[in-house]
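I opened this entry to look up ring contacts and the nonpolar core. The notes follow in the order I took them.

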Amino acid sequence: QVQLAESGGGLVQPGGSLRLSCAASGSFFAINTMGWYRQAPGKQRELVATITTSGITNYADSAKGRFTISRDNAKNTVFLQMNSLKPEDTAVYYCNAEIKTLSYNVYTFWGQGTQVTVSS
């Protein structure tokens with residue numbers, strides 16, 4: 001069974017930084033694209049950033065210049081470094097991964113989410 005486990009959320013003041021981590025565990029053949037999404041209260045879940053196996057990244061306009069996504073393929077882990085945080089970044093952040101299972105089918109898996117609160 002494949003699981004994604006996020007960590008690193010918390011409370012931070014405006015202008016501060018946080019680093020989120022998400023590790024995939026279980027039995028699978030390979031991980032393709034990994035990413036981060038977020039959902040603020042009363043809003044739909046939205047893309048923050050994605051990264052392919054080869055390191056090609058894609059960012060939402062709101063994240064460009066402030067957030068950096070990276071991954072460690074050997075550890076099946078994706079990171080999100082968030083700098084210059086704003087109150088509007090407050091949301092539950094979800095890890096996402098396209099994983100090729102042992103049956104060679106590709107499924108999208110989600111983590112349970114980690115709360116990020118930006119407030120003074």
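I looked up Arg45 and found its charged end over the ring of Trp110, 4.7 Å from the ring centre. The charged end of Arg45 also sits over the ring of Tyr94, where the distance to the centre is 3.7 Å. I note that this is a predicted model.

Next I went through the aromatic pairs, of which the structure holds three. Tyr37 and Trp110 make an edge-to-face pair, with 5.1 Å from centre to centre and 65 degrees between the planes. I placed Tyr37 in strand S4 and Trp110 in strand S10 (residues 106–110); the two are 73 residues apart, and the pair links distant parts of the chain. I then checked Tyr107 and Phe109: their planes are at 75 degrees, over the 60 needed, so the pair is edge-to-face, with ring centres 6.5 Å apart.

Last, I looked up the largest nonpolar core, which has 31 residues; Trp36, Leu80, Met82 and Tyr93 touch the most other members. The strands that each supply at least two residues of this core include S3 (18–25), S4 (30–39), S8 (77–82) and S9 (91–100). S9 gives the most, with five residues.

I took Leu80 for a closer look. Leaving aside neighbours within four places in sequence, I find Leu80 in contact with Trp36 and Tyr93, and also with Leu18, Arg19, Leu20, Val48, Ala49, Phe67, Thr68 and Ile69.

Notes:
Residues are numbered from 1 along each chain as its sequence is written. This is a predicted model: local features need pLDDT of at least 70, side-chain atom pairs count only at pLDDT 80 or more; totals for chains, interfaces and linings use all residues. Side-chain values use heavy atoms; hydrogens and water are left out. A nonpolar core is a set of buried Ala, Val, Leu, Ile, Met, Phe, Trp, Tyr and Cys residues joined through side-chain atoms within 4.5 Å. Buried means under 20% relative accessible area, exposed over 50%, partly exposed in between (1.4 Å probe, protein chains only). Helices (H or I, at least four residues) and strands (E, at least two) are DSSP runs, numbered from the N terminus. Contact means heavy atoms within 4.5 Å. Rings of Phe, Tyr and Trp (its six-membered ring) pair if their centres lie within 6.5 Å; planes under 30 degrees apart count as stacked, over 60 as edge-to-face and the rest as tilted. A charge sits over a ring if NZ of Lys or CZ of Arg is within 6 Å of the ring centre and within 35 degrees of the ring normal.
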